[in-house]
Amino acid sequence: MNINPEEAQAALYDIQHVTTKTQGMLNIWSYYMLLWGLVWAFGFLATQLQPQLVIWILVAMLLVGMLGSMILGIIQGARLRPTPGSQAAFLGSRLGIFHGVLYCFAVLWLIVFHLSALQVGVLWITVTMFGSITAGIWYRNLLSIGSGVGVTIISLLGYYLLPHYFWLWAAVFAGLPLIGISIYYMRQR
């Protein structure tokens, strides 16, 4: 198959355009990862230090994270508008819908099943990492897939092997990786 230089240049431009759009979506999600990484790191650490307040801390973490996510969504929605009908718009909207449905099911599971505080922590970590893995598959981003799998495995190891130090373990091995990955994405601009 022979292509002329103009066709090759057009194909390279299309590839670069899609790469730029995907990178832009990852930059958007990096702010959410930073927010939730900070919430997890400080919240799980506080839970380790004040276990008698576990319910209050977990509720505060959820409220701070959700409120922060809502504010980020409003700010970014006003600032960034993908082209209607584009792949970026399609994936961005589907990813938001997917996460909304996923978290609604997680809340449903919390209502239906009576879980201990440690089990609630593991549930939220694994549900969030499932979302990260799924987003990584959709965006073909190996770091998102790998970090989701890694944080899930390490969190489960902490849950089963060190249950008395699980909250500290989760702060270090679930919260800090989100912070690190978000900083990595932000520096890739």
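1. Is I55 buried or exposed in this predicted model? I55 counts as exposed, because its relative accessibility is 55% and the threshold for that class is over 50%. The residue is found in helix α2, which spans residues 54-79. I55 and A117 stand 62 residues apart in sequence, and their C-alpha atoms are 7.4 Å apart in space.

2. Overall composition. The protein chain contains six helices and zero strands. Read from the N terminus, the order of its elements is α-α-α-α-α-α. Of the 189 residues in the chain, 37% are buried. The chain exposes about 11600 Å², and carbon and sulfur atoms supply 73% of that area. Among contacts in the chain with a separation of 6 or more, 72% are made by residues 24 or more positions apart.

3. The pairing of α4 and α5. Helix α4 covers residues 117-139 and helix α5 covers residues 142-161; the two pack at an angle of about 165°, with their axes 7 Å apart. An angle over 145 degrees counts as roughly antiparallel, and α4 and α5 are therefore described in that way. Their crossing is left-handed. On the α4 side, the residues that meet α5 include L118, V122, I125, M129, I133 and I137, together with the glycine G136. On the α5 side, those that meet α4 include I145, G148, V149, V151, T152, L156 and Y159.

4. T152 within this pairing. T152 is placed in helix α5. At 17% relative accessibility the residue counts as buried, because the limit for that class is under 20%. Not counting residues up to four places away in sequence, T152 touches T126 and M129. Both T126 and M129 are listed among the α4 residues that meet α5.

5. The loop between α4 and α5. R140 has its place in this loop. Its phi is positive, about 55°, although the residue is not a glycine. Most residues other than glycine have a negative phi. R140 counts as exposed, with a relative accessibility of 76%. A reader inspecting the connection from α4 to α5 will find R140 there.

6. The pairing of α5 and α6. These helices pack at an angle of about 170°, with their axes 9 Å apart. That makes α5 roughly antiparallel to α6. From α5, the residues that meet α6 are L143, S144, S147, V151, I154, S155, G158 and Y159. Their counterparts in α6 are F166, W169, F173, A174, P177, I181, Y184 and Y185.

7. Aromatic pairs in α6. The count for the structure comes to 11 aromatic pairs. In one of them, the rings of W169 and F173 have their centres 4.6 Å apart and their planes at 50°, so the pair is tilted. W169 and F173 both lie in helix α6, residues 166-187, and are four residues apart, about one turn of the helix. W169 is partly exposed, with a relative accessible area of 21%, and F173 is likewise partly exposed, at 34% relative accessibility. The rings of Y184 and Y185 form a tilted pair too, with centres 5.9 Å apart and planes at 55°. How do the classes of these tyrosines read? Y184 counts as partly exposed at 43% relative accessibility, whereas Y185 is buried, with a relative accessible area of 4%. W169, F173, Y184 and Y185 are all among the α6 residues that meet α5.

8. The aromatic cluster. Which residues do ring pairs link into a cluster? The members are W40, F44, Y159, Y160, F166 and W167. Y159 and F166 also belong to the residues through which α5 and α6 meet.

9. T47 and its surroundings. T47 is found in helix α1, residues 5-49. The residue is buried, with a relative accessible area of 0%. Leaving aside its neighbours within four places in sequence, T47 is in contact with V54, I57 and W167. One of these, W167, is also a member of the aromatic cluster.

How values were computed
Residues numbered from 1 in each chain as written. Predicted model: local features only at pLDDT ≥ 70, side-chain atom pairs only at ≥ 80, totals over all residues. Heavy atoms only, no water. Buried < 20%, exposed > 50% of the residue type's maximum accessible area, 1.4 Å probe, protein only. Contact = heavy atoms within 4.5 Å. Areas by Shrake-Rupley, 256 points an atom, 1.4 Å probe, with all protein chains shown as cover. Phe/Tyr/Trp six-rings, centres within 6.5 Å; stacked < 30°, edge-to-face > 60°. Axes fitted to C-alpha atoms, helices over the stretch in contact; angles between N-to-C directions. Parallel < 35°, antiparallel > 145°, perpendicular 65-115°, else oblique. Left-handed = near helix turned anticlockwise from the far one by under 90°.
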